[in-house]
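Hi everyone, thanks for making time this morning. I'd like to walk you through one structure, so let me put it up on the screen.

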Number of protein chains: 2
Amino acid sequence: MKDFSIIVFDGFETLDAMGPAEIIGVMPDRFHLQFCSQSGGLIRSDQNIRVDTEPFSAIRPGGVLLIPGGYGTRKLMDDPKYLELLKVLSQDAGLVLTVCTGSALFAKTGLLDGRAATSNKLLFSLAQAAGPDVLWRRQARWVQDGKYYTSSGVTAGMDMTLGFVSDTVGRAAARKVAHALEYLWNEDRDSDPFAN
Amino acid sequence: MKDFSIIVFDGFETLDAMGPAEIIGVMPDRFHLQFCSQSGGLIRSDQNIRVDTEPFSAIRPGGVLLIPGGYGTRKLMDDPKYLELLKVLSQDAGLVLTVCTGSALFAKTGLLDGRAATSNKLLFSLAQAAGPDVLWRRQARWVQDGKYYTSSGVTAGMDMTLGFVSDTVGRAAARKVAHALEYLWNEDRDSDPFAN
């Protein structure tokens, strides 16, 4: 049973978090899913949905972290204290997954420096500016480098999470979940219909 | 500005609600999105995510309702008082959208009788039993009949919601949202890769 902690903040993109949450949440025998924020309590998404969270102190070392994107990342990218918290949590984590502009936010910790990564294609320059030393890939649905998984925009996070399930639990399990959700999984991480 | 109220209950399927919520929520100039439950307050999804809600009394007539599925529908299908509330809200609504086993729950109100509708394919017999007089379609990603839109399982709800946006706002707007979410929209409601 592995902890899977989704880190949210005011202005997170709803589906960046909720797509992966659905996939992980239908495997309660494999993963313990929790939503976490710096201080816990209600957090409002950029789409005005309020979700209840545990504080960062509930995140145990060795688990999986997922960092969504959303307009709220802009403010946090300029918050050294938050970035330091994110860095420590990520260093302690077994794996870190990022979605959309969550990749840009995470790049600000420096942990992606020298690593291959991707972000959403409509705001790719934001990621490049946030992490000038990251080896950004313009054409990728998701990228895995060491313990870091990064994905392109919003629903690409679902493809990446299924890829993570495939890597850690097995391809058959990932396909079974996709089928149960009637989701046409874009299984090929290098096939990126939104690359520009 | 149209009200778009997503009705949730304990044990709702996270993505049935959150996929459509993302799509509607990125158009705040067109829609006022709210999550509602019978008494308001925190509601727990079947994947253990707690979302804050308004009470049913916050739902004004003439808006759009969306009813997700999930394991929690089973209990409500045998709750005549809840079904009556759902029926009244739906009669007062301009449009009603249902996702996955939300179609089966909604069928219990009788409002789908004699109408074409669909539900998820892994539990199709549940829908048939819930609404023996509904004209269930075995092969459809989503179906629209009068003011009722019904969809197949989980992510089919996103395709349906984009179809609803296409019908009410315009096809270009729906495609623009899908692109922003890097979502490969299954635009053809009759193409159902999960039909069996």
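The contact between the two chains draws on 38 residues from chain A and 38 residues from chain B. Please keep in mind that this is a predicted model. Together the chains bury about 3,200 Å², and 61% of that area is on carbon and sulfur atoms. If you look at the chain A side, A:Arg50, A:Glu182 and A:Phe194 lose the most area to chain B, together making up 24% of what that side buries.

Now, what holds charge against charge here? The rule finds six salt bridges across the interface of chain A and chain B.

Which elements of chain A supply at least two residues each to the side that touches chain B? They are α1 (14–25), β2 (31–37), β4 (50–55), α6 (156–168) and α7 (171–180). The largest share, seven residues, comes from α1(A). Sorted by class, the side of chain A that touches chain B has 19 nonpolar, eleven polar and eight charged residues.

Let's turn to the aromatic rings. Over all chains, a search of the whole structure finds 14 aromatic pairs. One I'd like you to look at is B:Phe106 with B:Tyr148, a tilted pair at 5.5 Å centre to centre and 50° between the planes. This pair links distant parts of the chain: B:Phe106 is in helix α4 (residues 102–107) of chain B, B:Tyr148 is in strand β10 (residues 148–151) of chain B, and they are 42 residues apart. Both partners are buried, B:Phe106 with a relative accessible area of 1% and B:Tyr148 with 7%. Over in chain A, ring pairs link A:Phe4, A:Phe31, A:Tyr149 and A:Phe164 into a cluster.

My last stop is A:Asp192, in the segment after α7 of chain A. Is A:Asp192 buried or exposed? It counts as buried, because its relative accessibility is 7%, under the 20% cut-off. A polar atom of the A:Asp192 side chain lies 3.2 Å from the backbone nitrogen of A:Ala140. Leaving aside neighbours within four places in sequence, A:Asp192 is in contact with A:Lys121, A:Arg138, A:Gln139, A:Ala140 and A:Arg141.

How values were computed
Residues are numbered from 1 along each chain as its sequence is written. Chains are lettered from A and ligands numbered from 1 in the order in which they are written. This is a predicted model: local features need pLDDT of at least 70, side-chain atom pairs count only at pLDDT 80 or more; totals for chains, interfaces and linings use all residues. Side-chain values use heavy atoms; hydrogens and water are left out. Contact means heavy atoms within 4.5 Å. Buried area is the accessible area (1.4 Å probe) that two parts lose on being put together, summed over both. A salt bridge is a side-chain nitrogen of Lys or Arg within 4 Å of a carboxyl oxygen of Asp or Glu. Helices (H or I, at least four residues) and strands (E, at least two) are DSSP runs, numbered from the N terminus. Ala, Val, Leu, Ile, Met, Phe, Trp, Tyr, Cys and Pro count as nonpolar, Asp, Glu, Lys and Arg as charged, and the others, Gly among them, as polar. Rings of Phe, Tyr and Trp (its six-membered ring) pair if their centres lie within 6.5 Å; planes under 30 degrees apart count as stacked, over 60 as edge-to-face and the rest as tilted. Buried means under 20% relative accessible area, exposed over 50%, partly exposed in between (1.4 Å probe, protein chains only). A polar contact is a pair of N or O atoms within 3.5 Å; within protein, one must be able to donate a hydrogen and the other to accept it, and residues adjacent in sequence count only if both atoms are side-chain atoms.
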